[in-house]
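Subject: Structure handover

Hello,

Here is the structure I said I would pass on. My notes on it follow below.

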Amino acid sequence: MKTIAPKKEELKKNIKNGRVKTAVEAAVFFLLGFVLSSCFVLEISSPFSISLISVSKRKYFIYSAIGSALGYLIFCPQNFARYAVAVLIAALGAFAISLADIKNHPALPMALSFLSLAATGIVVDLKSGASGGKYALTLAESLLGLGGAFFFFRAINCNFRRFRFKALPVSDLTCIVVSASVVLMSLSRITLGDVSPARIVAVFLILLTARFGSDRLGFILALSLGFSLGIESRDTIFLAGAYGFSTLLASLFCPVGSWSAAVSFTLSCALFSVAAGSEAGLYITLESAAAGVVFALLPSVAVNKVEEFFHGGADIAPDGSLRQSLVVRLRFASSAMNHISESVNEVREKINDINAGNAKKMRSELTEAEYISQEIINEKTNEIRMVAADQFFSIADMLADLAKEFDEAEHFDNIAAGKIRRLLGEYEIYPKNISVIEDKFGRMRIEIMTRGRETSLSKPEIQKEISKICNRYFERGRLTHFREDSMISFAERPNYSFEIGFAQHSAEGRLCGDTIKTVNDGKGHSVLIISDGMGRGGRAALDGAMGAGLLSKLLCAGFGFDSALKVVNSALLVKSNEESLATIDCASVDLFTGRVDLYKAGAPATYIVKGNRVTKCELTSMPAGILRGIEFAKRTAVLSSGDLIIMTSDGITELGGEWLTAMLKGFEDTSAQDIADSVLKEALNIARGRKEDDMSIIAARLNLMQS
């Protein structure tokens, strides 16, 4: 054990210094040069090892050159002299390019590869007195070397880190696939009898990609492998078309299952083999069948790993993504607004000090009436400045709420969004944008934006198909029309539903001073609101409606309760010169978990009924519209199926609480609307002969969602 520890430390030190990494990369270039030298096109030419030397980086061209020379000596001894000179030219050219430190571009390596093969080939042809056809083959080989240099250069120099985010451009991905196909072509020379393990691996990878990756990537891989493996000999040239068409057929059967995809691919390859009349046709069919069996019998653990590889990073927002940029900007804007508010407060305090000093100096010069008038003006302007500062604080909080909402979106499911886009295309609906968002609790919502007043999005069959794609149950879509666009939102169906009943009584005329609002925020929360304006009649109704209306709109827009209350409070403060206030009572129920958050600003008690047990939730707080900087008093409870929430205005609670507590114990099998009507009726009976106030009640029962 004592001897192992120093070795581990030494290994870590070597890795840290880059020595191990350099040695591994050098070995890889050596092996690639050796393997690619065995890669023959139509069993005649072997250009790809020269391509590798041309694109090798400064540290590694010598290793790829040594590997290539050794490979040509072993696999192509009859043409070793010609290829050895080509290796030397390519190595010297790569050395010159690295010394010149020329801009990283594929043109020079491509030219170097072409010239190395063309120059040596033409010299050999001239010396042997070759015919025109031989020169044409030399040109073709040189062009293949040029193309190989392009693909190798792009593959070596692409940003492999983007693999983690599944954000590699299609062009880079294609170059990697083609380069890997050429390497696999080199290995196809290794056979067991006449069966090539490399071709079995190729078919297996194609099926795997078509089934668990994407159709596009499957086609790219099939065409690349088909061309690379096909040009090895005249007997296998038909593979270029066979693999491509067979992949197309297999992708159509992939939704049915792995066996269907494997069988369809094998039968298609067998058909091409018979049509080509190739001697290798039987073995290629057997290879396809063997790969299909292995593919279809993959264990679930391996399938999960493959799916994770293809889809594990597709929904991760990379560094600098739009979402992260938006969150940072919103937080920066929130901080800036806070700074502005603090500056306004500082300026206000300085102006107050100046005004107070001026008032003392001018006191003797002013009459009593003038002095009082001046003080009133100063006080009013000070109040306006205070409200302005509060508004900046409110805006800062609202921006912070939006930043939090975007930040808490766990991920955007781009794969599901793509499937939904294809589905809508079948209904001739072409959306501008589709967002499939899953929050940190695993709840999903879908937002689809289309041009014009698109109404077909609300069709039940579309919702069913979307549910199948996302493997979730969604509530009925909410369609919203904007000026030129339409948006439909699908929220995941929660575990619970709310049965809501409410009743009201106006103490003076038709206008009730209480306002009731119920809001569903589209994220699985149902919000109940009662706002009670000061006094009775029209003025109280205006204050109550203003409080509940503003709050409900802000909550629907995605803002938090605290920032929304600040806006409501500021609005009531500046509404008129007279005192204007409203109590605000809110209950926000999470329909997934049953958790209820109570928010009160000067509001009376809320009652939670569980069977025959009644809990009175009473919190001390100030109503909105009196003072700056008021906050909600908060409390949390958990509801189960069948539990009740009873919210009332003070017109009912001022009659005493004992009768209401006793009455609520007998409503286990009563509907929510009947409960509200019964409580209001009893309250009116008790209030008979007294000075009446406006009365409002909300009764809401939590029920399990019916499947």
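Axes here are lines fitted to C-alpha atoms, for helices over the stretch in contact, and angles run from 0 to 180 degrees between N-to-C directions. Helices (H or I, at least four residues) and strands (E, at least two) are DSSP runs, numbered from the N terminus. This is a predicted model, in which local features need pLDDT of at least 70, side-chain atom pairs count only at pLDDT 80 or more, and totals for chains, interfaces and linings use all residues. Residues are numbered from 1 along each chain as its sequence is written, and side-chain values use heavy atoms, with hydrogens and water left out.

Overall

The chain holds 23 helices and 15 strands. Of its 707 residues, 45% count as buried (under 20% relative accessible area, with exposed over 50% and partly exposed in between; 1.4 Å probe, protein chains only). Among contacts (heavy atoms within 4.5 Å) with a separation of 6 or more, 69% are between residues 24 or more positions apart.

The axes of α9 (residues 197-212) and α12 (residues 258-276) come within 11 Å and cross at roughly 135 degrees. The two helices are therefore oblique to each other (under 35 degrees counts as roughly parallel, over 145 as roughly antiparallel, 65 to 115 as roughly perpendicular, and the rest as oblique). Val203, Ile206, Leu207 and Arg211 of α9 make the contact with Ser258, Ala261, Ala262 and Phe265 of α12.

A nonpolar core is a set of buried Ala, Val, Leu, Ile, Met, Phe, Trp, Tyr and Cys residues joined through side-chain atoms within 4.5 Å. The largest has 51 residues, of which Phe48, Tyr243, Phe265 and Phe295 touch the most other members. Helix α9 gives the most to this core, with nine residues. Beyond its neighbours within four places in sequence, Phe265 is in contact with residues including Val203, Ile206, Leu207, Tyr243 and Ser288. A second, separate core of 22 residues includes Val527, Ala548, Leu554 and Phe559.

Phe48 also belongs to helix α3, where it is buried along with Ser49, Ile50, Ser51, Leu52, Ile53, Ser54 and Val55. Eight of the eight residues of α3 (48-55) are buried, so this helix is largely enclosed by the rest of the structure.

Sheets

Strands pair if DSSP finds at least two bridges between them. Seven bridges join β7 to β8 (residues 525-533) in the antiparallel sense, and Val519 has Val527 of β8 as its bridge partner.

Another open sheet of five strands has the order β6-β15-β14-β11-β12, with antiparallel pairing. β6 (496-505) and β12 (613-617) are at the edges with a single partner strand each, so one side of each is left without a neighbour in the sheet. The twist averages 15 degrees from one strand to the next. β6 and β15 (residues 695-704) run antiparallel and are joined by ten bridges; the partner of His505 in β15 is Met695. Helix α23 (residues 672-686) lies across β6, β14 and β15, at about 25 degrees to β6.

Regards
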